[in-house]
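I opened my notebook to look up a few things in a protein structure. Have the sequence and the 3D view ready, and follow along.

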Amino acid sequence: MNTVLTVAGSDCSGGAGIQADLKTIGAFGLYGMSVITAITIQNTMGVKRVEAVEPDLVEEQMQAVLEDIAPDAIKIGMVVSEENIRALVHVMNEYSSKGKVLPFTVLDPVLVSTSGRVLLDPKAETALRDELFPMVDLVTPNLPEAEQLCGHPVERKGDRMRAAEELSGRYGCSVLIKGGHGRAADDLLFHAETGTHSWYTSVRIENNNTHGTGCTLSSAIACGMAKGKMLEEAVADAKVYITGAIGAGMDLGKGNGPLDHFYQSH
């Protein structure tokens, strides 16, 4: 059985973070493992509190997984603190120094919550960019995150293409700029190895219940890569999955509700 490791925060309401990742991995028929970087107090109405897990615990969780069940892909989401980022980088470097090859790794740069809460302080954002980005294969910023990372607007298609190339050139990884915050749900993939752009267009679904879409999409991409698919195909399959999960129209909670991760099994 193929395996995926998710590194992220815990969402007690079950819609995002570790919980959304493990649901996605299960929906793809893979075995999921987890490293918890933070405990969050949140629900569909917003994030109320975030407490980072101590970096030594993050490091030991990661080591415990890697020394026993080698993942076929890794997804990294909310990391919260500079110390936790460095803990992850240390374990990844240590793993590589032993002659082992890290699997395909996708990083969803969780900078701000859907409700607008900042989830990464400036020092942690610098460490994320300079230390963790160069170690992964794909980063998946949404439009506001891409603008924050690049320092200029990325609303137009030409802007997105330049931004994706800029981020890829800076950090040496592929870049998927998600268009869900724009007028159309168009995502742009710049594949670092081939130097090519791929657009993924989907119908915008009028559904406010989109809590955890970034977590879910990045996990779905990791699942495709764990199964041995090419990156473009893994992204395409992930887009189909998340469109279905949103389109299923599940309605839970009083705010921005979660997706239906298991819509295909109903």
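**Before I start**

I'm working with a predicted model, where local features need pLDDT of at least 70, side-chain atom pairs count only at pLDDT 80 or more, and totals for chains, interfaces and linings use all residues. Residues are numbered from 1 along each chain as its sequence is written, and side-chain values use heavy atoms, with hydrogens and water left out.

**Entry 1: Pro 71**

I found Pro 71 in the loop between helix H2 (55-66) and strand E4 (73-76). Helices (H or I, at least four residues) and strands (E, at least two) are DSSP runs, numbered from the N terminus. Is Pro 71 buried or exposed? I got a relative accessible area of 8%, so Pro 71 is buried. For the cut-offs, buried means under 20% relative accessible area, exposed over 50%, and partly exposed in between (1.4 Å probe, protein chains only).

Next I checked who sits around Pro 71. Leaving aside neighbours within four places in sequence, Pro 71 is in contact (heavy atoms within 4.5 Å) with Thr 3, Leu 5, Met 33, Leu 66 and Pro 103. Thr 3 is 68 residues away along the chain, yet the two C-alpha atoms are separated by 5.0 Å.

**Entry 2: Arg 129 and Glu 125**

Arg 129 lies in helix H4 (residues 122-132), and Glu 125 is found in helix H4 too. Arg 129 counts as buried because its relative accessibility is 16%. Glu 125 is buried as well, at 11%.

Which side chain does Arg 129 join in a polar contact of 2.5 Å? Its partner there is the side chain of Glu 125. A polar contact is a pair of N or O atoms within 3.5 Å; within protein, one must be able to donate a hydrogen and the other to accept it, and residues adjacent in sequence count only if both atoms are side-chain atoms. The side chain of Glu 125 also makes a polar contact with the side chain of Gln 148, at 2.8 Å.

Not counting residues up to four places away in sequence, Arg 129 touches Pro 134, Gln 148, Leu 149, Arg 170 and Tyr 171.

**Entry 3: cysteines**

How many disulfides are in the whole structure? My search found zero. I was looking for pairs of cysteine sulfur atoms within 2.5 Å. Cys 223 is in no disulfide either, and its nearest cysteine sulfur, in Cys 215, is 13 Å away. Cys 12 is exposed at 54% relative accessible area, whereas Cys 223 is buried at 0%.

**Entry 4: one cavity**

I found one cavity of 30 Å³ or more. On a 1 Å grid over the protein atoms alone, a cavity is a set of points where a 1.4 Å probe fits but cannot get out, and lining residues have an atom within 4 Å of a point. Grid points are joined across faces, edges and corners, and a volume is the space filled by probe spheres set on the points. The largest cavity holds about 30 Å³ of space. Its lining includes Gly 77, Met 78, Leu 120 and Leu 128.

Technical notes: On a 1 Å grid over the protein atoms alone, a cavity is a set of points where a 1.4 Å probe fits but cannot get out, and a pocket is an open set with protein on both sides within 12 Å along at least five of seven lines; lining residues have an atom within 4 Å of a point.
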